[in-house]
Amino acid sequence: MHKLNIFNIPLKGKILIESSAGTGKTFTIIIIYIRLILGINTKYLYKKPLSVKKILILTYTNYGSLEIKKKIYENINILLRSCIEKKCSNNILLKIFKKIKDFKTSIKILLKAKKQINNASIFTIHVFCKKILETYALELNIPFKYKLLKNKSILYEQSVINFWRKYFYKLEFNIVKYIVYKIKTPKNLLKIISPWLNGKLPNFENIPIKKESILLKKFKEIIEIIKKIKKKWNKNKNKIISIILSLKVNKKIYNKKNLLIWFNKITNWVYDKNTIEFIPKILKYFRISIINKNKKITDIKKYKIFYFIEELFNKKSSLYYHIISFAIIKTREIIKKEKVNKNLISFDDLINVINTSIKNKNFKKISKKINKKYPVTIIDEFQDTDYNQYKIFDNIYNKKKKFTLLLVGDPKQAIYDFRNADIFSYIKITSKISKKFNLITNWRSSPRIVKSINKIFSIKDKPFVLDKIPFTKSKYNKINSNLSFILNKKKQPAIKIWYIENNELNYSNNKLSIAQKCAYEICSWLKYSKKNKSYIVNKIKMSKPLCPSDITILVKNNKEAKIICKTFKKNNLQTFYLSNNNNIYSTNEAKEILLILKATINPENINILKNSLITNIINFNIFEISKIEKNKNLYYTFIKKFKSYYQIWKKFGIISLFNIILSDFNIIKNYNIIDNNEQKIINILHIGELLHKIYYETNNKNNIINYLEKKINNTEKTKKNEQIRYNNIHNKIKVMTIHKSKGLEFPIVWIPFITNYNKINRNIYHNRNNFNKVLNLQKNNKKLIEEEILSENIRKFYVALTRAIYNCNIVVILTNKKKETNINNQNELNYLINNKNELNFKKYLINFQKIFSKNEINISYFKNKKNINYNEINFIKEKEKIYYLKHTLKNNSQINSFSSIKKEELKNKKLYIKKNIKKNNILTPHNFPRGKYYGNFLHKLLENIDFNKPLNYNFINKKIKNIELNKNWTPIIIDWLKNILNKQLNKKNICLSKIKKNKYKKELKFYIKIKKIITKNIFNKMMCYYDNISLQSPKLKFNKLSGILTGSIDMIFNWQNKYYLIDYKSNWLGYSDKSYSYMKLKNTIIQYRYDLQYNIYALALHKYLKQKMKNYKFEKNFGGIFYLFIRGINNNNKHGIFFKKIKFNFVNEFNKFFK
């Protein structure tokens, strides 16, 4: 293995680059890529620089493809700018920059590469195979029309059921009884055999059975042995205990008490008519192999019963093995037939089809074409590639003179065994490659972390158990020398091992206990951070207080993640779990929306209606539901309401429906931020957005229901737009699986459960000679299986350790069990550091500490904190605390609106109200009743009337009756509305009655997600700078704004290709029209801070138009804002109208705070 120089490495033939964690694998690929497109040191191989289409990069995931494409684009951009300026400030690209001789040519090449980057040949292996099949379908005799099977689970499930019916139903009753006892259901059988239903058929330890008749024969052999055992036991039952005791076996196991219990249970079984499925487990203690562990038996005739029992157990496990192998073979046949009949091809079949096509005569011609099209292939994450995938490229480039096959990976990070990634394939392939290089400089972590990891993995000769996975020490980058974590003025060690005595823990709750201790420790760190005693120091010696987002907890699975999240929540520590299934359709909100939509379509079904009302979204309780059931009028009211929802859905779409439901049931007001309710609102709006697109395409409500049901039932594969949109994750502790963390880095890492014993049931191992997989259901080669399990666990441990930049914490449970010195029972850390097979964990930890300085690794006892009430420690800042009452939210809520911000501003002001109110018997708009109730009435009237039609007297009269107002007001209100509708609003002759119905939209509700936290200082400065009215207004006083900004615009309309918004104001300003002059309106706007409102509305309209209009430009299309103070509007004067033109610079700056 040679040290890699990426700027001079010869790129001919097969090349292997092994890159340890943090050594810049992705950047290495980028540098080689840029070298190839510029032709730097490649002329001996390729006469011309290669285009981006000719360099094939294969990644493990679609996300990986996008990431590497993005990074290549960014670096091409940097180098292009450097070539234009003839200066390069990027230290790594500087070496390539210095090798450029012709800047003009390089600029042309880089510009072309930049333009073509979206067409770059960067794919996953499956996408590449699909392209090959589509391009060369004729030559390979592949049907043009085939369906790509994206989800295999349904096909596999049905195939196993078909197998169960076809083969097991025919068998005799007793063997069926055994199969049901052992496997239970087809679903359980699928779990057992699913890893073997695709890809290459595994090697079987014994010759597998292909006929069910042989199964029956094997079963009868077992029955015969059972009869022999029962007969012998009956004959010798009085002698058996004395025979065992006379053998001088282990008296701890074979004592009189145990022997009597076992003897009675086995005797009961002997007289029982039930056969194979009820063999007592304790019969194993009478197997000759078990007895021989303690005492060698030579006289076979005397102890014949023990040999019969041995034979029974062997035959029994053999029968199970044959049933499973038979099920694998026959189910694969059924799947194959089903695929042929339906013309289906799975992703794995794409690889198999190409590999079988290699034998085709035409493949030589095809491989030449592929080689010409892609002279260079770079395979990223090669340790996760299986042998079949590699075979394709081995055959394409075999015996070719000019090619580059670059394999980049790290066997130490091969942790995706559950996805059929095979470390033994990597070992087999790389053993035949002569050109091998490694990357050894760690660019990620502090020098102390690099040194500590080097020492941990250098204690054993075979740190990863398997011979062919060596460990090469990494070098640290001197630039990282200042990286450190400071706690209470002390520099913390790179790795801290916390140990807990096993006797402190209840075995069933040990993970919970560990989580509590971790939570306490992290709480204390954050407490120190508030006092500026806990911080991290970066490369240039700049310190930053420790915050929750700097800490990441790495776990093995979802169960461990849930334990951490629940425990931390009790300590007021907010966590964010980055799971693999972050699918919006897997949330409770998706299931509840389905119930609500069903009720919207069929509200007369009482059960469907009740189901929708008791959802957490609408949140009716049992008493409210029982009231509806008892009160027919109330029941019919809800039916009417849901029928009206149906009409809204029909006319305006699903988003409008969601907005109305959110409004009608006060969902946003009733949801408070505690218990993640803010996230629930985001989820509801997100699902609404996705369903709106589907409804727009299908325009069928039943299709939407079916679509949503399918999505809820199948969330295996998540599209990018279906990923949950998390809010405010930047100040939370991250919880992540080790698998998900691969390729990422975090300032501080906790590994709480790495050394917990998790028994893994595995029934495969690899033949150490040819590296083929062997199915081992009888577990004859237990040692090889457990070696492979331990090796994989150590690789996971290596990945977890190498994520840390500043500090890593490991929790260890101390035990004094002898069996842990065996490889079969050791945990990861035990195996790595216990080189002398020390029985006492404490002792070898002490010996281990001696190897290291305290700055590198520190071993500490995790003290028991039983008496500490974690809930007393609250680390949420006072300003960010959430105070809430039932049904109401204070202004600290992260669901923000103009009203909530204004409420904070006005809550301490006593507004001057005139006490002497004139009494006037003549009815006019000036003496129309005042207050919120009557203001809402006027708003509703303007919302419901059609501006282009004559006013309906009966409709208005009915509305007046509803609010118990004197009917004499009807003609007054009609005249008043006519004045409003016919009033000329400006010099452009804008008039509400002249705006066509298709040119206006009423009650436009909006929800805008806040990206950056908005502080009152920033907001005040920005508004005062751009708006003269804001400059004259008192400063806004509110806490930080984050979360969602919401509101409802009374009306938007289009007039001569410009868009305007209108907000109606029913404020009473005086008894005459003069009270509504421009200056009075301006003073009212300043007093009530309506400038804040119109600026928020302007932003909402700007974002709305930007999304809906092609070629939208603010200056060209945004007209302005009208505030209509309706009490002062009269056709005889210009009073009651306030118009504001918003500056684009303000909207542009304000928009930066929002997504």
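This is a predicted model: local features need pLDDT of at least 70, side-chain atom pairs count only at pLDDT 80 or more; totals for chains, interfaces and linings use all residues.
**View 1. A patch of positive charge on the surface, built from lysines.** The residues that gather here are Lys-489, Lys-527, Lys-530, Lys-531 and Lys-533. Take Lys-489: it sits in the loop that runs between strand E13 (484-487) and strand E14 (490-491). With a relative accessible area of 74%, Lys-489 counts as exposed because the cut-off for that word is over 50%.

**View 2. An open sheet of 3 strands.** The strand order is E6-E23-E22, and the pairing is mixed. Strand E6 (203-204) and strand E22 (764-766) are at the edges; each has a single partner strand, so one side of each has no neighbour in the sheet. Look at E22 and strand E23 (residues 773-775) and you'll find antiparallel pairing over 3 bridges.

**View 3. Asn-343, a residue other than glycine with a positive phi.** Most residues other than glycine have a negative phi. For Asn-343, phi is near 60 degrees. Its place is the loop between helix H12 (304-342) and strand E7 (344-346). Asn-343 is partly exposed, at 34% relative accessibility.

**View 4. Asn-1111, with a positive phi although it is not a glycine.** Here phi is about 55 degrees. Asn-1111 lies in the loop linking helix H39 (1090-1108) and helix H40 (1114-1117). Is Asn-1111 buried or exposed? At 73% relative accessibility, Asn-1111 is exposed.

How values were computed:
Residues are numbered from 1 along each chain as its sequence is written. Side-chain values use heavy atoms; hydrogens and water are left out. Patches are made of residues with over 30% relative accessible area and no salt bridge: like charges are joined within 9 Å, nonpolar side chains (Val, Leu, Ile, Met, Phe, Trp, Tyr) within 5 Å. Accessible areas come from the Shrake-Rupley method with a 1.4 Å probe; for residues, only the protein chains shown count as cover. A salt bridge is a side-chain nitrogen of Lys or Arg within 4 Å of a carboxyl oxygen of Asp or Glu. Lys and Arg count as positive and Asp and Glu as negative; His and the chain ends are not counted. The place of a charge is taken as NZ of Lys, CZ of Arg, CG of Asp or CD of Glu. Helices (H or I, at least four residues) and strands (E, at least two) are DSSP runs, numbered from the N terminus. Buried means under 20% relative accessible area, exposed over 50%, partly exposed in between (1.4 Å probe, protein chains only). Two strands pair if DSSP finds at least two bridges between them.
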